[in-house]
Amino acid sequence: MMVEQSPALIVVVPLMCALITPIIGLVKKEWCYYWVLLTLLAATVFSVVTMGRVLSEGTIRYFLGNWDPPYGIEYVIDHLNAMMLVIISGISFLVAFHSKESVADEMPGRIVFFYTIFLLQVTGFIGIVITGDVFNLYVFLEIASLAGYALVAIGEDGAPLASFRYIILGTVGACFYLLGVGYLYMVTGSLNMLDLAQLLPELYHSKVILVAFAFFMVGVAVKMALFPLHVWLPDAYTKAPSSSSALLAPLMTKVAAYVMIRIMFTIFEPCFSMEMLPVTAVLSWAAVIAIIAGAVMALAQRDLKRMLVYILVSEVGYIALGVGLANRNGLTGSILHILNDACMMMTLFLIVGAIVYKTRTRTIADFRFLHRKMPLTMAALVVAGLSVIGIPPTCGFFSKWYLILGAVDAKQWIFAVVLLLSSLLNAVLFFRVIEYAYLEPRAEDDHGHEEEGVIIRIEEAPVTMLLPIFAGVAGIFLFGIYSGKIISTIIQYAVPTCF
Amino acid sequence: MEVIFSVQPFAAVLVVLGGAFLILFTGEHRRNLRETWTILTSLILFSLVVSLTPTILRGGLIEFTLIQLTEGVALQLRVDEFGMYFGLLASGLWILTSFYSIGYVRGLKEHGQTRYFFNFAICIMAAIGIAFSANLLTLFVFYEILTVATYPLVIHKETSEAIMGGRKYLVYTLTAGVVILFAAIWIYSMTGTLDFKPGGFVKGHGTSSTLTLLFFLLIAGFGVKAAIMPLHEWLPTAMVAPTPVSALLHAVAVVKAGVFGCLRVILYVFGPEVLHELDLWLILAYVTAFTVIVSGMYALAQDNLKRRLAFSTINNLSIIVMGAALITPHAVTGSIFHIGSHGFMKITLFFVAGAIYVKTHKQNISELDGIGRQMPITMGAFAIAAAGVAGTPPVCGFISKWYLALGCLEAKQIVFLFVLLTSAMLDIAYFFPIIFNSFFKKPKDGVVLHFNEAPMMMVIPLSLTAIISVVLGIFPSAIFNFFNLASLAATKIFGGM
């Protein structure tokens, strides 16, 4: 029974629990933390169960309220969104686990509100990926976005303004998406994705369809912060509280990337997406610029979190590039990178949260002696950094491998070179941080004999922070080493067969 | 061919990894225990590697597939003769270096010793992984680990000079890594495999211009660590690292990993046939010959002992690659054998430089006059090793040079014979003044005239490596069948022709 209803439960449980959170907060606000953990643990379990079912039975179709599609809303879970569900619920669980001290520290008066919105945010993400209905997707997209605006706005000075800019651009993006939905409905009379996929091919030459497709792409590109539509992202994610940005940064862009893949390869046929409009070319070039521009902008940052935010812009470019290459290896790399980058970004943002909690600074130049103060956190930072650079056997290397393979297969040498170049730019970025955190410049001929120098006591972040961080580190290694397994059991079914 | 599936090669890698983490978690406060881990790990590793030797000598292979990464490529270890050779060398020398390191860091009361030993162990793990890699991707994985793990050792002193050296090292090696990755992906996209095969596997794929480009990309990529000019700049700069690091890593593990990669590319990816067809071998041989001569000249001009040794290293590395580029059976045998014989001799020389530094804090050759009387064992070892590098019998350098010279004749390229001989002359020119001055010149300040050696922890390893150099020269196969392995590898490569 539970197993059969698990697709609905994944959405309903966080949604209902979000509404119950304020009531629990009335009794005792510290309980909210445990409540959220419990909820997300349940969501994770449901996701894993659903994933197991998808792996053994294939695609699951769940008719909400037993209304037959295309009239009712349908949840469709195939390999791609089963994986997304596990990523979303897993990461939000870890971020929630990490948030205990950080939330109490950064926004002591707003714990209850924060956790309520946190759960709504997760609900939004899960809804977006699980639904098989384009309008339902819009609804969840708005839930996620509105929760996101709120999560950003409770941040430090300047956060409300950043959130306001995010609202404006985010709403514009959502409007584009909604217009696209409207156009499709106008022509086909259907909102169900599978139904649309069957109805649309006959109409591919209609101008309305082309416009709808273009609107979809622009709308989603805003949400995934694809260069040059990324302008809302740096401020919003830097100024948001640590826990908010740790939730939003890894997931929001990835969920939007998922929507893009859905639109391009499920709702529309891959050949349409690739041939009717020069979408893939535009996408690839935008991605290439994003990769380079993101990394270069990151070079100019003195604030670690802001640097990561620009790296995120660059990482989004990787995913878009894989989609834009539109061949088997490229798309495999892209989907693999959704998983890997979510894991890396979560780890990195959690690390920033831990550093801020302990040292109250994010300025890279102030990181001197941090490796003695927080040895474990710093070790995790090194691993995550190496993964972003793409040093094997961390997971970042393997997605890069497939992306470059895709570029070489497509004979797009420039894209391959850009991917490689971005590795080097990332190396500069992270080794700069590592140098600040690990090195204690000494005079010539001074061996800095043991026990000398500044005595720094170990002041490591609390266990609630370290555990999720190291779960992320473990993920970075495991997803790397088992990337072949992940691809052969999940991702290869998520890539359209026509490639 | 007998292929045995065994977890042993992977166990060797894991043992070192485990040892490294034991070292890390034991930490500064229990340093005797920490040093025990280093020694213990090196001994276990060595016995594991040695236990693989009999199978390999019988002509078999030992294989272990860790995990399938993608179609046609797995994270896979396969021990063949060449890998066995390099594995034996790296693991054997690690034992001696461990003892020496302990003497060195304690003698100098270095900071950050735990970090030092931890990264050292990771480097060895990577070197063993490189030796046993079955394909280009696995090799690349370990190669990158090696790159990253060496960085903390290069910047160990944390002076601005060391930090600059570290940055330069990273720029060179990470860029090289990217180039290798690009070429590897291209080859995979073209052939669908990356498995090393004696005699090469790219034959019949791609156009000749593509193959030429790929060959030079790969050689340029691995050539950075092998310090082929003009990609050598990082190596002398990286000599700011503590001496045992220079000794093991810059004489054996890191640079030899580069050379090992070059040889894998020449002999196991492209292979004699393709290289002959496209005439690539000759170009590579000329480039390396240029390096051989020019680095020898550079070495003459260095006053810092470690820098002079660094340029001598560059010289010898290029001799090895040049030998392989000639791709005749004798040249390849000599080239592979020289990896080991140069390893033993050069590590002795670096050990000596470190011993002198720990004892007298001298780094420059001009200050070493008369030091032979204070440290006769150390300088005696130096004399033996230096003579060996120059190719004097009965030290092992002679054997490799002999085979390399034969190879030049076999390839009918008399030019390279002259290059070899000139390089030997240059070796004599830059080593013999040191030996002469240290024994026969009037001592300078700070050199005492009575016997006053470095700690035994350092003197014993360096004497041992000097002795091994001589033993290998007289009985090339006496120690772990070094010569047999080298010639077996050459036979297999050319057997396929």
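**Group meeting talk: a two-chain helical model**

Let me start with one helix, α14 of chain A, residues 328–359: its 32 residues should span 46 Å at 1.5 Å a residue, and the end C-alpha atoms are 45 Å apart, which agrees. The expected span here is 1.5 Å times one less than the number of residues. When I say helix, I mean a DSSP run of H or I with at least four residues, while a strand is a run of E with at least two, and both are numbered from the N terminus.

Before going on, a word on the model. It is a predicted one, in which local features need pLDDT of at least 70, side-chain atom pairs count only at pLDDT 80 or more, and totals for chains, interfaces and linings use all residues. Residues are numbered from 1 along each chain as its sequence is written, and chains are lettered from A and ligands numbered from 1 in the order in which they are written.

Back to α14(A). The helix bends by about 30° at A:H337; the bend is the angle between axes fitted to the seven residues ending there and the seven starting there. Is α14(A) mostly buried or exposed? Of its 32 residues, 27 are buried, so the helix is largely enclosed by the rest of the structure. Buried means that 20 or more other C-beta atoms lie within 10 Å of a residue's own, exposed means 12 or fewer, and partly exposed is in between, with C-beta atoms placed from the backbone. Just after the helix, A:R360 takes a positive phi of about 60°.

Now chain A as a whole. Its secondary structure comes to 20 helices and two strands. The radius of gyration is 22 Å, close to the 23 Å that the globule rule gives for 499 residues, so chain A is as compact as a globular protein of that length. That radius is taken over C-alpha atoms, and the rule is 2.2 Å times the number of residues to the power 0.38. Along the principal axes, the C-alpha trace spans about 75 × 60 × 45 Å. Buried residues make up 59% of the 499 in chain A. Among contacts in chain A with a separation of 6 or more, 79% are between residues 24 or more positions apart; a contact means that two C-beta atoms, placed from the backbone, lie within 7 Å.

Next, where the chains meet. Here 32 residues of chain A are in contact with 29 residues of chain B. On the chain A side, α17 (395–409), α18 (413–438) and α20 (483–494) each supply at least two residues. Which helix gives the largest share? That is α18(A), with seven residues. By class, this side of chain A has 19 nonpolar, six polar and seven charged residues. Nonpolar covers Ala, Val, Leu, Ile, Met, Phe, Trp, Tyr, Cys and Pro; charged covers Asp, Glu, Lys and Arg; the others, Gly among them, are polar.

What about the core? The largest nonpolar core has 404 residues, and those touching the most other members are A:I404, B:Y85, B:A90, B:I124, B:A127, B:L146 and B:A184. Such a core is a set of buried Ala, Val, Leu, Ile, Met, Phe, Trp, Tyr and Cys residues joined through C-beta atoms within 7 Å. The helix giving the most to this core is α9(B), with 22 residues. Leaving aside neighbours within four places in sequence, B:A184 is in contact with B:L136, B:L137, B:F140 and B:L194.

Over in chain B, helix α18 (residues 482–495) has 14 residues and reaches 20 Å from first C-alpha to last, close to the 20 Å expected. Its buried residues include B:F482, B:F483 and B:I493. The cover over them includes α3 (81–108), α9 (243–278), α12 (329–360) and α17 (456–474) of chain B.

Finally, some loops worth a look on screen. The peptide bond from A:P392 to A:P393 is cis, with omega near 0°, and A:P393 is in the loop between α16 (375–389) and α17 of chain A. Another cis bond joins B:M229 and B:P230, with omega about 5°; B:P230 lies between α7 (208–225) and α8 (234–237) of chain B.

Two chain B residues other than glycine have positive phi: B:D279, near 60°, and B:I327, near 35°. B:D279 sits in the loop between α9 and α10 (280–300) and counts as exposed, with 10 C-beta neighbours inside 10 Å. B:I327 lies in the loop between α11 (305–326) and α12 and is buried, with 28 other C-beta atoms within 10 Å.
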